[in-house]
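Work through these exercises with the sequence and the 3D view side by side. Try each task before you read its solution.

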Amino acid sequence: MPSAAIVLDPSFTVAPVSRRTFGTFVEHMGRCVYTGIYEPGHATADEDGFRKDVLELTRELGVSLVRYPGGNFVSGYRWEDGVGPRSERPRRLELAWHSVETNQFGLDEFVRWCAKAGVEPMMAINLGTRGVQEALDLQEYANHPAGTALSDLRSEHGAAAPYGIKLWCLGNELDGPWQIGHKTAAEYGRVAAETARAMRMVEPDLELVACGSSGSGMPTFGTWEREVLRECYDLVDHISCHAYYGDDNDDPASFLASAVDMDRFIDSVVASADHVGAELKSKRRIDISFDEWNVWYKDRSRLTDGDPEAWEVAPRRIEDEYNVTDAVVVGNLLISLLRHSDRVAVACLAQLANVIAPIMTEPDGPAWRQPTFHPFAITSRLASGQVLRVQTSSPTVVTEKFGEVAAVDAVATYDEGKLAVFLVNRSLDQTIEVSVDVSRTGVSTVDEALTLADDDRLAVNSAAQPDRVVPQPSTATLEDGKLTISLPPISWTALSLS
Ligand code: AHR
């Protein structure tokens with residue numbers, strides 16, 4: 001059997017585990033909000049119309065933060081449509097996803113939902129059709145304590161205490177020609193700088209995210225980051241990255257190595273940001289907000305559910321059904337994000353419910369976990385303390401997209417005598433025995449060993465079979481500071497030791 005070896009040393013650290021690595025994303029898109037997290041009349045709905053089954057699953061998923069309300073949606077959104085008495089809220093054409101927005105859920109509901117879910121809100125601002133003034137209005141409504149028109153309006157709407165939203169995205173994917181209000185880097189950099197400057201006049205300590213490229217494949221990738229940051233480097237804290245991976249070409253070997261691409265993407269954006277910092281002789285460091293990432297089979301599911309010509313309320317949009325292979329890739333992408341904890345400050349799995357999501361629901365029906373739910377939930381539960389630098393020697397697999405890559409990829413975290421190790425085997429057909437030298441960590445017991453794998457790599461969960469794919473206990477032995485475990489092909493594994 002091929003073998004791999006890993007050495008861990010708790011004195012070789014990357015950075016503390018950031019809880020914000022475990023963010024997700026709620027967009028007014030398809031059924032993420034309506035019949036996803038919000039469905040008055042559902043058997044589990046609470047007094048606010050929030051689905052309690054989804055709230056429970058959100059807590060189980062270990063979500064720390066939620067980005068809202070878009071996505072492409074935010075670039076045409078008027079936030080004030082979604083506050084105040086529900087009967088007076090306007091119905092609007094929603095251009096990004098070709099639907100009708102009823103505005104029955106808005107900022108006030110979102111902040112209440114976040115409190116119930118125990119997550120931090122991350123708010124995106126419309127810099128597509130709007131600008132500085134509307135951003136300031138939203139900030140005043142959300143965060144000013146009292147005594148002004150908009151803060152008093154919030155009070156009238158039942159929320160006397162300010163929301164204290166700290167983390168704000170300055171627009172969304174404005175490099176993309178599909179974006180409402182699409183801009184050049186110079187145009188966007190300027191409006192981002194102006195908006196950031198004005199918002200900081202009210203609250204100097206906000207955390208602001210400038211839009212990076214909407215993907216590393218964009219023709220402007222790299223120059224966009226440089227030009228935007230030249231305009232707003234000293235006014236923002238983070239630059240965004242977005243990445244979606246899918247096996248669109250029936251090339252599972254390359255798909256399983258998607259984290260190689262994520263590693264390179266992060267390294268390139270860090271290099272671009274640091275380059276601008278050096279040019280400007282700035283002492284400031286810009287980190288990454290990886291605020292959209294996931295598996296997304298775009299070609300298969302973009303607007304193909306329902307009638308794409310009809311203007312409907314909460315139509316089914318990109319409700320990807322994830323399988324075992326997708327879950328292994330999601331687990332590996334989390335490994336990549338954790339390994340970059342020194343520069344990735346925020347990350348959001350896109351999205352939370354129904355729309356390319358770990359949680360699925362049926363209107364009036366059940367909610368269940370997709371296979372991708374599990375690696376996210378378990379990593380969020382076990383990762384703590386410091387991320388360790390992991391030295392791995394592994395057999396390789398050959399991929400069309402990335403050449404020869406390591407078959408085994410891993411990351412580990414260490415927290416006062418507790419060690420967590422996350423591993424993937426990206427080989428399509430070979431079991432690999434991994435030995436991990438944990439002698440320097442002082443651990444002596446394997447508390448938990450869970451593996452997600454299946455003889456059918458395309459197996460999925462469904463409303464009828466919600467637990468067809470779940471991680472299973474696996475056997476790991478620990479002797480004389482050496483941990484040994486066999487990783488089946490196409491598998492994701494989590495180990496917890498103390
Ligand atoms: O998450 C779905 C969409 O993907 C978002 O609206 C957009 O920002 C990205 O292109």
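**Exercise 1. Cavities**

Task: How many cavities of 30 Å³ or more does a search of the whole structure find? Then describe the lining of the largest cavity.

Solution. 

Step 1. The search finds three cavities of 30 Å³ or more. A cavity is a set of points, on a 1 Å grid over the protein atoms alone, where a 1.4 Å probe fits but cannot get out; a pocket is an open set with protein on both sides within 12 Å along at least five of seven lines; lining residues have an atom within 4 Å of a point. Grid points are joined across faces, edges and corners, and a volume is the space filled by probe spheres set on the points.

Step 2. Know your source. This is a predicted model: local features need pLDDT of at least 70, side-chain atom pairs count only at pLDDT 80 or more, and totals for chains, interfaces and linings use all residues. Residues are numbered from 1 along each chain as its sequence is written, and side-chain values use heavy atoms, with hydrogens and water left out.

Step 3. The largest cavity has a volume of about 80 Å³. Its lining includes Pro69, Trp79, Met123 and Leu138.

Step 4. Sort the lining by class. The largest cavity has nine nonpolar, one polar and two charged lining residues. Here Ala, Val, Leu, Ile, Met, Phe, Trp, Tyr, Cys and Pro count as nonpolar, Asp, Glu, Lys and Arg as charged, and the others, Gly among them, as polar.

Step 5. Find the main contributor. Helix α3 gives the largest share of this lining, three residues. Helices (H or I, at least four residues) and strands (E, at least two) are DSSP runs, numbered from the N terminus.

Step 6. Now the second largest cavity. It holds about 60 Å³ of space. Strand β6 (residues 99-101) gives the most to its lining, with three residues. Other residues there include His28, Tyr34 and Pro315. By class, the lining has five nonpolar, three polar and two charged residues.

**Exercise 2. A pocket**

Task: Which residues lie nearest the centre of the second largest pocket?

Solution. 

Step 1. The second largest pocket contains about 260 Å³ of space.

Step 2. It is lined by 14 residues. Nearest its centre lie Arg339, Arg389, Val390, Gln391 and Ala410.

Step 3. β17 (391-393) and β20 (408-415) each supply at least two lining residues. β20 gives the most, with four.

Step 4. By class, the pocket lining splits into seven nonpolar, three polar and four charged residues.

**Exercise 3. A helix**

Task: How many of the residues of helix α2 are buried? What do they pack against?

Solution. 

Step 1. Helix α2 spans residues 107-117, and eight of its eleven residues are buried. Buried means under 20% relative accessible area, exposed over 50%, partly exposed in between (1.4 Å probe, protein chains only).

Step 2. Among the buried residues are Leu107, Phe110, Trp113 and Ala117.

Step 3. The buried residues of α2 pack against α1 (52-61), β4 (65-68), β7 and α3. Contact means heavy atoms within 4.5 Å.

Step 4. Look just after the helix. Glycine 118 takes a positive phi of about 75° there.

**Exercise 4. Strand pairing**

Task: In what order do β5, β6 and β12 form their open sheet?

Solution. 

Step 1. The order is β5-β6-β12, with mixed pairing. The edge strands are β5 (92-94) and β12 (312-313), each pairing on one side only. Two strands pair if DSSP finds at least two bridges between them.

Step 2. β6 and β12 run parallel over two bridges. Serine 99 has glutamate 312 as its bridge partner in β12.

Step 3. Compare another pair. β23 (446-452) and β27 (491-497) are antiparallel and joined by six bridges. Threonine 451 stands opposite threonine 493 in β27.

**Exercise 5. Salt bridges**

Task: Which residue forms a salt bridge with glutamate 120?

Solution. 

Step 1. A salt bridge is a side-chain nitrogen of Lys or Arg within 4 Å of a carboxyl oxygen of Asp or Glu. The whole structure has 34 of them.

Step 2. Glutamate 120 pairs with arginine 20, the closest N and O atoms being 2.9 Å apart. The two lie 100 residues apart in the chain.

Step 3. Arginine 20 is buried, at 18% relative accessibility. Glutamate 120 is partly exposed, at 22%.

Step 4. Finish with a network. Salt bridges link Asp46, Glu47, Asp48, Arg112 and Lys116.
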